[in-house]
Amino acid sequence: MGSDGFAYQRQRMVDALREEGITDRRVLEAMNEVPRHFFVPSHLRHQAYGQDVSIDIGEGQTISQPRVVAAMTQAAAVKPSSRVLEVGTGSGYQAAILATLCQFVFTVERIASLAREAKRRLDALGFENVSVKVMDGTLGWRAMAPYDAILVTAGAPEIPEPLLEQLADGGRLVVPVGDRGRQVLTVVERHGERFRRMELQGACFVPLIGRHGWREEGR
Ligand code: SAH
């Protein structure tokens, strides 16, 4: 990675993130390393590093803005030894950031074609510590639990209970909670059987659809 013609844009994106208050050095480094343009459709590559741009990745889904990816990753407080679950693989970009920072990333996506494409990208970039699976992530991925961090990258009506159960002691769940159009980034930290809940900034995600999420539109 690095000399791919986008290094300058990537550096500018990271400078902007720092100015906006992202302080975690490892998060900033990871965002400087992962080629974000590789995760968007080729005709939209020129937009890939725009701070405020969420980009259409097909199937009505979007890759989150850099500032949201950075804020969620920072809030998850992951370590090199962390095992992490992501719900909502989408393009695979957030998974790539996490895989750069953690020991292993389990990521689940409900739309098979997106999961396939994401897997192809992650393989092409040489990530060997990511597992992609097609399933309803509101149920978590029980077989691989517990997780040191869980990131949900789609908007939930409420915190899915199975995800709390699959969180390791001291682990953090980061999930946008609200209505279909607008949510608040919420962080839940587990201490034994107690859960401490904090709220960060507002956000605007596509809906989390599943058993412990929203119903599919028109149903
Ligand atoms: N993290 C992604 C952005 C995801 S957009 C990235 O970095 O590109 C949200 C994704 O969540 C969409 O791809 C959508 O299909 C998926 N999704 C919605 N509900 C889901 C569920 N219950 N389980 C798994 N994936 C879900």
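1. Strand S2 supplies three residues to the lining of the largest pocket, which is the largest share. Strands (E, at least two residues) and helices (H or I, at least four) are DSSP runs numbered from the N terminus. At least two lining residues each come from S2 (61–63), helix H3 (66–76), strand S3 (83–87), helix H4 (93–101) and strand S4 (104–109).

2. The model is predicted: local features need pLDDT of at least 70, side-chain atom pairs count only at pLDDT 80 or more, and totals for chains, interfaces and linings use all residues. Residues are numbered from 1 along each chain as its sequence is written, and side-chain values use heavy atoms, with hydrogens and water left out.

3. The volume of the largest pocket is about 470 Å³. Its lining comprises 35 residues, of which Gln 61, Gly 88, Thr 153, Ala 154 and Val 206 are the closest to the centre. A pocket here is an open set of points, on a 1 Å grid over the protein atoms alone, where a 1.4 Å probe fits and protein lies on both sides within 12 Å along at least five of seven lines; lining residues have an atom within 4 Å of a point. Grid points are joined across faces, edges and corners, and the volume is the space filled by probe spheres set on them.

4. The lining of the largest pocket divides into 17 nonpolar, 14 polar and four charged residues. In this scheme Ala, Val, Leu, Ile, Met, Phe, Trp, Tyr, Cys and Pro are nonpolar, Asp, Glu, Lys and Arg are charged, and the others, Gly among them, are polar.

5. The ligand takes up the space of the largest pocket; the criterion is that more than half of its atoms lie within 2 Å of the grid points. Around the ligand are 27 residues, and Glu 86, Ser 91, Glu 109, Gly 137 and Ile 209 come nearest; a residue is counted if one of its heavy atoms lies within 4 Å. The shell has twelve nonpolar, eleven polar and four charged residues. S2, S3, H4 and S4 each supply at least two of the shell residues, and the largest share, three residues, comes from S2.

6. A polar side-chain atom of Glu 86 lies 2.9 Å from a ligand nitrogen. Of the 580 Å² of accessible area (Shrake-Rupley, 1.4 Å probe) that the ligand has on its own, the protein covers 99%.

7. Some backbone geometry deserves a check. Most residues other than glycine have a negative phi, and most peptide bonds are trans. The peptide bond from Ala 145 to Pro 146 is cis, with omega near 5°, and Pro 146 is in the loop between strands S5 (130–134) and S6 (147–152). Glu 59 has a positive phi near 60° and lies in the loop between strand S1 (55–58) and S2. Ala 77, in the loop between H3 and S3, has a positive phi of about 50°.

How values were computed
Polar contact = N/O pair within 3.5 Å; in protein donor to acceptor, adjacent residues only side chain to side chain.
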